[in-house]
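Please keep the sequence and the three-dimensional view at hand while reading.

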Amino acid sequence: MALATPSDKDIFKLILYDIKFQSARTMWHGNQKEHLIVPVAPPDCSIPAPNTCGKAFAVHYAERVGRRWKLRVQHFHQKNVALLQPWVDQLQSLLNGEQRPRRLLVIINPTCGSRKAPNIYTKKVQPIFTLAGVQTEVIQTTHAGHALAVLRRCSLHGQDGVVVVGGDGTLMEALNGLLTRPSPDGSDRPPCAPLPIGVIPAGSTDAVCGSVGTADPVTAALLIVMGVTRWVDVCSLRTAGQLLRYSLSMITYGFFGDVLQDSEKLRWLGPMRYNVAGAGRFWRSRAYRGSVAFRTAPGAMEPHKPCFADCDVCLREPVEAEGETQGQNDGEWHRVSGPFLVVSSANVSCRCKITPEGMCPRAHLSDGWAHLILVRQTSRANFLRYMYRSAAGKAPFDLPFVEYYRVKEFELLPESTGDDQRLLGEAHINLAMSVDSTAAGGEWRAPERITATGAAPAGRRPLDSVWNCDGEVVTDPAVNLRVHPRAIRLFGRGVERLEEGSGCCGCGRRTKKQI
Ligand SMILES: Nc1ncnc2c1ncn2[C@@H]1O[C@H](COP(=O)(O)OP(=O)(O)OP(=O)(O)O)[C@@H](O)[C@H]1O
């Protein structure tokens, strides 16, 4: 069959002859040219039919350009209609064999980011879902906690996935809703989400999208209709043995917790609020006393390459897969004492606009580790160096006042809870060994005074900070965090590796440094 790129008139014929081609297939051409073909949009029968001959069908597909995926279309034209039909049938049967979502539950947060989530969905995402023949049930949230309540109770029968149009906070609600659904048999099983989640970035930070490689709404929508998923670890956050929530990206105590708390009062500023609150808090930054106990396991010191779409660390068969059944308490406990400016734990790299390489470039989507980052009390100038290096991706963990550990579990014991009245009361903490800090992140000299960063003067009991848990404030400072390997699947391929000379993300802009 001869293929021709049709003129506009030919395409017009296609519409008017009402050929309801639902043809599609995926064609994989190595890593560079990966194509998605989704069904042709339903023809518009309201246009009067002209007296023309010849028919065509359109094949819509996705093509990777740098770090993004773009929607493309190719028209196949042929005068003899009898020759077209076998092509269409063949494509249709190939598509039917694909594991793709047919029905999705979509949750939109109209208040996140710059309040553009409904617009992003209608203009960029819905047309792709329609093109792919995906049915949707759309819920727009009306209040905080709405997504959590819906996903905890609603029937998921017949749904192939949940799509969140929002920021990290909305995603966290969806995740927690799915992971805390009552189990059908009433048993207490390790967390494992029943459906994959897709995230359309519409929030202020969108750190999870940045780490899963879906930082652009069209890319995210295309990967959802293609049915491409990646396993992702989840962390549970507990206090006094009670589950507080599950976390997907980062939890951080100290400076970034304070910034989040300040920024909540500036929500009307939109995404700018983090910069304004951060600048204000920087001059009032202070260190918090306490200690961190953590459990490591064999393999903690193995060097990890950064996580990309073809990541062999994540694709490796996990020791503890799908809701870990073994090795839950393996490893040794260690303990380090503050004061700390920042105590952070990253589950994924947390790439976003502010930190393009991520707050923790060494973190992987499903490596089974939480990445503990401790920034000890230091001068403001040094702290600024740490933040600059994090933003610029210039080895922030190599600074002498920064320590980095790969852990399976950790607990923060703020000084204010007192040694003898810990909320967690875990016996193993008492057995934890003190860590030699120099082994973790370079030479560390304990500061003599706390005043360098504006901490409370000696003699006055210091106050605690709050946790910034995936962009939500958790006020309980004494927490226990544990990793649950591969507890959820997210739609996405991971961050795409860039070829030499391509733009930073497919936007065409050149960058000096290409990975
Ligand atoms: N209709 C609503 N009205 C008010 N708040 C809502 C509504 N729907 C959801 N929320 C809450 O809005 C909060 C912020 O949402 P989200 O985190 O997605 O946006 P963001 O803060 O702009 O983005 P990011 O977390 O990526 O920086 C969430 O905690 C969620 O509970």
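**Overall make-up**

The model is a predicted one. The protein contains 13 helices and 21 strands. Of its 515 residues, 45% are buried. When contacts between residues at least 6 apart in sequence are considered, 78% of them join residues at least 24 apart.

**The core**

In soluble globular proteins, nonpolar side chains tend to be buried together. Here, the largest nonpolar core has 119 residues. Val 164, Val 165, Ala 174, Leu 175 and Ile 200 are the residues with the most contacts inside this core.

Leaving out residues up to four places away in sequence, Ile 200 touches Ile 120, Tyr 121, Val 125, Val 163, Val 164, Val 165, Pro 217, Ala 220 and Ala 221. Among these partners, Val 164 and Val 165 are also listed with the most contacts inside the core. Ile 120 and Val 125 come from H3, and Pro 217 and Ala 221 from H7, where they take part in the contact of these two helices.

**Two helix pairs**

Two packed helices are described by the angle between their axes and the distance between the axes. The table gives both values for two pairs.

| Pair | Residues | Angle | Axis distance |
|---|---|---|---|
| H3 and H7 | 117-131 and 217-226 | about 30 degrees | 9 Å |
| H4 and H5 | 146-153 and 168-179 | roughly 25 degrees | within 7 Å |

Because angles under 35 degrees count as roughly parallel, H4 is roughly parallel to H5. H3 and H7 are likewise roughly parallel to each other. The crossing of H3 with H7 is right-handed, and H4 also passes H5 in a right-handed crossing.

In the second pair, H4 contributes Ala 147, Leu 148, Val 150, Leu 151 and Arg 152. Their partners in H5 are Thr 170, Glu 173, Ala 174, Asn 176, Gly 177 and Leu 178. The residues of this contact divide into six nonpolar, three polar and two charged. Ala 174, one of the H5 residues in this contact, is also among those with the most contacts inside the largest nonpolar core.

H7 is mostly covered, with nine of its ten residues buried. The buried residues are Pro 217, Thr 219, Ala 220, Ala 221, Leu 222, Leu 223, Ile 224, Val 225 and Met 226. Just after H7, Gly 227 takes a positive phi of about 75 degrees.

Arg 230 is found in strand E9. This arginine counts as buried, because 24 C-beta neighbours lie inside 10 Å. Apart from neighbours within four places in sequence, Arg 230 is in contact with Val 212, Leu 365, Arg 489, Leu 490, Gly 492, Arg 493 and Gly 494. Arg 230 and Ala 309 are 79 residues apart along the chain, and their C-alpha atoms are separated by 9.1 Å.

**Loop residues with a positive phi**

Most residues other than glycine have a negative phi. Two loop residues here have a positive value.

Ala 240 has a phi near 50 degrees. Its place is the loop between strand E9 (229-239) and strand E10 (242-247). With 13 C-beta neighbours inside 10 Å, Ala 240 counts as partly exposed.

Cys 350 has a phi near 60 degrees, and lies in the loop between strand E14 (340-346) and strand E15 (370-376). Cys 350 counts as buried, with 28 C-beta neighbours inside 10 Å.

**A residue in helix H9**

Val 276 belongs to helix H9 (residues 273-282). Is Val 276 buried or partly exposed? Val 276 counts as partly exposed, because 14 C-beta neighbours lie inside 10 Å. Not counting residues up to four places away in sequence, Val 276 touches Leu 266 and Leu 269. The C-alpha atoms of Val 276 and Gly 213, which are 63 residues apart along the chain, are separated by 27 Å.

Definitions and conventions: Residues numbered from 1 in each chain as written. Predicted model: local features only at pLDDT ≥ 70, side-chain atom pairs only at ≥ 80, totals over all residues. Core = buried A, V, L, I, M, F, W, Y, C linked by C-beta atoms within 7 Å. Buried ≥ 20, exposed ≤ 12 C-beta atoms within 10 Å, placed from the backbone. Contact = placed C-beta atoms within 7 Å. Axes fitted to C-alpha atoms, helices over the stretch in contact; angles between N-to-C directions. Helix = DSSP H or I, 4+ residues; strand = E, 2+ residues; numbered from the N terminus. Parallel < 35°, antiparallel > 145°, perpendicular 65-115°, else oblique. Left-handed = near helix turned anticlockwise from the far one by under 90°. Nonpolar A, V, L, I, M, F, W, Y, C, P; charged D, E, K, R; others polar.
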